[in-house]
Amino acid sequence: MTLRTSTRTRALAGALTGGALLLAACGNGGGDGGSDSGETGGGGGEGGGFQPSGTVTMIVPFAAGGGSDIAGRATASGFESVSDATISVTNIEGGSGAVGYSNFLGENGNPNTLLATETALIALPITQDVEFSYEDFTPIMMLGEDYTLIVAREDSPLQTCADLVEKAESERTVVAISGETGLDNVVFSLMEEETGVEFDRVPFESGAELLTALLGGEVDAISVNPGEVSGQIESGDVRPLCAAAEERYDYELLADVETAAEQGIDVSFAQFRGVLAPGGITEEERDYWIGVGQDFAESEEYTTYIEDNMLQPNTAFGDDFTAVLSENHEKLSSIIDGS
Amino acid sequence: MIDNLLLGLETAVTPENLLFCLLGVVLGTIIGVLPGLGSATGVAILLPVTLTLDPISALIMLAGIYYGSQYGASTSSILISTPGDSSSVVLTLDGYQMARNGRAGAALAIAALSSFLAAILSLIGLIALAQPIARWALNFGPPENLAIIVLGLATIVSFAGENMLRGITMAAVGLLISMIGVASGFTTARFTFGSVNLLGGLEFVAVMIGIFAVGEVLHQIRRGGEHPIRARFRDLLVTREELGRSVAPALRGTGLGFVMGVLPGAGATLATFMSYGVEKQVSKFRHLIGKGAPEGVAGPEASNNAAANASFIPTLTLGIPGSGTTAVLLGAFIVFGLQPGPLLFEQQPDLVWGLLVSFFFGNLILLVLNLPLAPVFAQVLRIPYSYLYPMVLFIAVVGAFALGNNTFTIWVVFVAGLLGYFMKRFDFPAAPLVLGLVLGPLLERALVQTSALGGGSLLIIFERPLSAVLMVAALLALAAPFVSAVLRRYRRTNRSRIDT
């Protein structure tokens with residue numbers, strides 16, 4: 001049974017990677033003669049001939065003030081500082097991000113539009129009847145990764161994630177999640193898969209609501225991004241049990257928090273944040289934006305953004321970012337289909 | 001406490017910060033007046049502009065936009081029946097009726113005065129009680145929220161007037177429309193017919209602009225050539241009697257709004273509806289409410305402002321936003337490198353106290369601005385309706401576009417406008433529909449969460465003392481009008497029997 005699932009997902013991943021390569025090839029072929037010479041020149045560097053004309057639009061598919069908006073604005077201003085481009089941010093909200101991505105799909109071939117992307121890019125096509133998938137766009141840059149912390153209230157008897165799993169083995173253990181496609185649901189599902197226990201879930205809408213439920217003693221544990229609870233951890237209202245990450249955080253506040261793997265539960269899953277360009281742009285145009293992204297990643301503005309939001313500064317560009325997306329897709333679709 | 005207030009005064013009363021406070025409340029008033037641009041959107045749009053400022057100046061200005069827009073939003077509701085924000089929908093009832101009776105100036109003045117009273121009282125509450133209240137509010141989990149929402153739905157009865165069945169029908173329609181989109185906590189899309197635009201559900205404010213503003217315009221066009229409302233200068237000022245009648249409703253509204261603002265998940269809109277319902281039950285002039293009574297303006301408007309201020313309590317003490325707008329403000333804290341959370345009062349005392357003290361000055365500025373402006377704004381109604389309605393339609397369309405930055409929302413406004421027109425024509429009340437629409441998603445979410453917490457059973461509501469009490473109160477409120485109707489009929493038949 002498990003064998004069959006894993007074969008299927010592997011086949012799926014293969015098909016996806018193939019698709020992505022095909023898309024890249026199409027993008028290349030779609031260009032004029034100039035792009036051929038660009039290719040022979042090595043393709044890297046600062047983008048040769050292409051320069052964005054007029055104002056570049058950065059679409060944020062979520063409302064202003066949220067995590068995506070903060071990422072989109074930080075990237076837009078960072079990109080402006082390291083290039084000649086003028087970038088304006090537009091929030092196109094609706095449909096949990098679907099409206100923004102669908103609008104972006106209509107910009108096919110337009111190198112003067114970018115989009116601030118995150119997990120909705122992968123989750124929406126799996127769960128909803130939308131026209132796009134990540135293969136329709138040109139991945140430019142992964143800004144960073146946001147892992148989650150599993151936390152409990154300060155007066156909880158739980159000290160570690162191992163305690164949480166142990167509790168779930170013998171009694172009803174309630175966790176709050178932010179919807180089925182939420183990063184937290186993914187993390188708890190992976191923990192269940194890994195340990196064989198089962199958590200009862202109560203669905204909420206946002207990180208703030210999760211925190212209210214935890215502080216109000218409604219649930220035993222929640223899984224949230226560190227940026228969302230750093231204040232409460234520092235004040236001692238909330239105790240981190242473990243980090244569902246590959247390695248420990250460098251941030252002073254979180255340096256002592258063990259990873260789930262250290263506690264014998266081999267679970268980690270990251271939410272990515274990044275930048276997409278529309279599909280169907282030329283190799284030159286793509287390389288230009290990748291070049292800008294690489295310069296941004298070196299800048300002080302980038303470091304400030306990452307540290308203020310407690311992200312992990314894991315960057316990836318172009319095809320490497322595509323690979324991250326396809327891995328994400330594989331993991332997410334197996335969890336959502338499987339539950 | 002005194003030290004803290006002095007520290008706050010020191011921070012807030014610099015020429016620079018007072019200037020940004022003024023700028024914030026003026027911008028807020030304008031944003032509030034424009035339909036579609038609510039306080040949350042307003043703060044979010046202007047957030048990037050403030051990035052170059054000192055954090056305290058920026059936050060004073062952004063908070064000013066928030067409470068300033070609460071003042072502004074009532075203006076367009078009262079004058080042209082076009083609510084600027086969901087929390088001023090209730091003012092389209094008695095506020096707009098007052099305007100049609102030639103009392104627009106008075107309605108605006110009452111709105112401004114009760115806003116000010118509520119703001120100052122709730123601010124005192126905020127400063128004195130923030131810490132204990134915030135902890136207490138955490139006791140309100142999903143079952144308690146569910147009970148409060150049912151209590152809110154019970155107020156529909158008071159909106160329905162004579163025809164309760166129509167009111168309940170419209171509330172049901174509102175609940176049904178709110179089901180459009182992805183179900184809360186799941187991934188199933190409902191009633192979207194494959195449209196991406198419907199995945200997130202209908203934009204509540206767009207439906208509201210349609211039903212109230214466009215619906216009213218169509219209604220007036222059909223009635224044809226109504227004369228502009230003649231308001232003599234004397235009529236523009238609020239009378240002593242109107243003021244006297246407004247005090248008690250404003251105080252009740254303040255209390256109600258303060259409690260609803262602190263609680264997670266309830267919010268200002270529900271507070272305004274409940275305040276209106278309360279006035280309809282307890283006010284001495286309850287038979288006049290719905291026909292242009294000052295009580296119907298003072299109560300809801302006070303509860304709206306009190307709720308806005310109270311939503312700062314969980315925001316500042318726990319780092320959990322108390323409303324959509326304070327969520328954006330928390331985002332602003334992070335952008336400025338400040339870490340919101342329980343330690344904010346200790347780590348940034350000058351910032352927090354400076355911000356709170358600035359609320360006093362901001363509200364004072366708003367009162368000074370709004371009182372003399374009330375008769376001026378009221379002059380708008382002297383414009384013949386044939387010139388006024390294209391402007392209303394224009395504002396409605398611009399507001400709709402501003403909501404989602406897409407044209408789909410404009411269509412929502414027009415379709416809702418047609419609905420609103422037919423509702424008016426066939427005398428179906430609009431307020432219960434709006435209440436259903438607002439409460440629908442909250443009700444569903446609370447229901448799903450309560451049942452998940454109870455392991456599939458809703459009996460958990462009656463196992464927790466707080467939610468049990470609230471739920472019993474809600475059921476009583478729902479049943480009360482039916483019981484009293486039956487009693488009245490019983491008494492009448494008894495009396496007629498004696499007569500014969």
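User: Before we start, what should I know about the numbering and the model?
Analyst: Residues count from 1 along each chain as its sequence is written, and chains are lettered from A and ligands numbered from 1 in the order in which they are written. Because the model is predicted, local features need pLDDT of at least 70 and side-chain atom pairs count only at pLDDT 80 or more, while totals for chains, interfaces and linings use all residues.

User: What makes helix H13 of chain B largely enclosed?
Analyst: A residue is buried if 20 or more other C-beta atoms lie within 10 Å of its own, exposed if 12 or fewer, and partly exposed in between, with C-beta atoms placed from the backbone. In H13(B), 13 of the 15 residues are buried, so the rest of the structure largely encloses this helix.

User: Why are E7 and E9 of chain A called edge strands?
Analyst: Strands pair if DSSP finds at least two bridges between them. The open sheet runs E7-E6-E8-E5-E9 in chain A, with mixed pairing. E7 and E9 each have a single partner strand, so one side of each lacks a neighbour in the sheet.

User: What makes E5 and E9 of chain A a pair?
Analyst: They share five bridges, in the antiparallel sense. A:Leu149 stands opposite A:Ala243 there.

Definitions and conventions: Helices (H or I, at least four residues) and strands (E, at least two) are DSSP runs, numbered from the N terminus.
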